[in-house]
Amino acid sequence: MEHNNLLAAWPVVGPGVAGAVFGAGWWFWTDAVVCSAAAVPFLHYLPGFFATFAALMFNCVNREDIGDGYYSPYDDSEWRVKLWLFISYVVSFVSLAGAVGFLVQDALTNTGPSAWTGTAGVLQCVCVLVSGLIYWTCHSED
C-alpha cells in the first residue's frame with residue numbers, strides 16, 4: 001500500500017482505532033476493579049476520569065486553529081486556543097502522574113488494592129490519552 005493511500009485511509013480508520021484503544025484502556029481498569037480482592041477507593045478512579053476529560057478537552061481544538069495562518073475576527077483568540085491546549089495537556093499529565101502515584105502506593109502497601117490495580121490505572125490513562133491523540137490527528141471539520 002502506498003503512503004498516500006495510507007494517509008487517505010487514516011480519516012476513515014483512525015476513529016475506529018481510537019475507539020478500540022479507548023475501550024481497551026477502560027477494559028483494563030474495569031478488569032482490575034472487578035478482580036480486586038480489596039475494595040478500590042474512589043480516589044483510584046479519578047486519574048482515569050481526568051484522563052478522559054483531558055482527551056475530550058484537547059479534541060475540542062481543531063488542528064487548523066493552531067497554525068500561523070489562523071485568522072479570527074476576534075483579535076487575540078489564537079493564544080486562547082493554545083492556552084486551552086496547554087491546560088488540557090497539564091490535566092492529562094497530572095492524571096498520568098496520579099495513576100503512577102497510586103501504582104507506587106499499591107505496590108508498597110499490603111493493605112488495599114493489589115499492584116495490578118495500580119498497573120491497570122496507568123494502562124488506562126496511557127490508553128485513554130493515546131486514543132485522544134489518535135482521534136485528534138484523524139478527525140477534521142469536513
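Among contacts in the protein between residues at least 6 apart in sequence, what percentage join residues at least 24 apart? In this predicted model, the figure is 74%. Keep that in mind as you go through the views below.

View 1. Of its 142 residues, 33% count as buried. The accessible surface comes to about 8,600 Å², and 70% of that belongs to carbon and sulfur atoms.

**View 2. Here are the stretches that UniProt labels "transmembrane region".** The record, an unreviewed entry, puts this feature at residues 7-30, 42-62, 83-104 and 116-136. Residues 7-30 are 100% helix and 0% strand, with 34 Å between the end C-alpha atoms. Residues 116-136 are also 100% helix and 0% strand, and here the end C-alpha atoms sit 30 Å apart.

**View 3. Serine 36 sits in a loop.** Look between α1 (3-35) and α2 (46-58), and you'll find serine 36 in the loop that links them. Is serine 36 buried or exposed? Its relative accessibility is 15%, so it counts as buried, since the cut-off for buried is under 20%. Skip the neighbours within four places in sequence, and serine 36 is in contact with Pro113 and Thr117.

**View 4. Zoom in on the largest nonpolar core.** This core has 15 residues, and the ones with the most contacts inside it are Ala51, Phe58 and Leu129. The elements giving two or more residues to this core are α2, α3 (77-108) and α4 (115-138). Take alanine 51 as your way in: leaving out residues up to four places away in sequence, it touches Ser95, Cys125, Val128 and Leu129.

View 5. Why doesn't the sulfur of cysteine 125 form a bond with the closest cysteine sulfur? That sulfur belongs to cysteine 127 and is 9.7 Å away, which is too far for a bond; a disulfide needs the two sulfur atoms within 2.5 Å. Across the structure, the count of disulfides is zero.

Note on methods:
Residues are numbered from 1 along each chain as its sequence is written. This is a predicted model: local features need pLDDT of at least 70, side-chain atom pairs count only at pLDDT 80 or more; totals for chains, interfaces and linings use all residues. Side-chain values use heavy atoms; hydrogens and water are left out. Helices (H or I, at least four residues) and strands (E, at least two) are DSSP runs, numbered from the N terminus. Buried means under 20% relative accessible area, exposed over 50%, partly exposed in between (1.4 Å probe, protein chains only). Contact means heavy atoms within 4.5 Å. Accessible areas come from the Shrake-Rupley method with a 1.4 Å probe; for residues, only the protein chains shown count as cover. UniProt positions are given in the numbering used here, feature names are shortened, and annotations may be inferred rather than shown by experiment. A nonpolar core is a set of buried Ala, Val, Leu, Ile, Met, Phe, Trp, Tyr and Cys residues joined through side-chain atoms within 4.5 Å.
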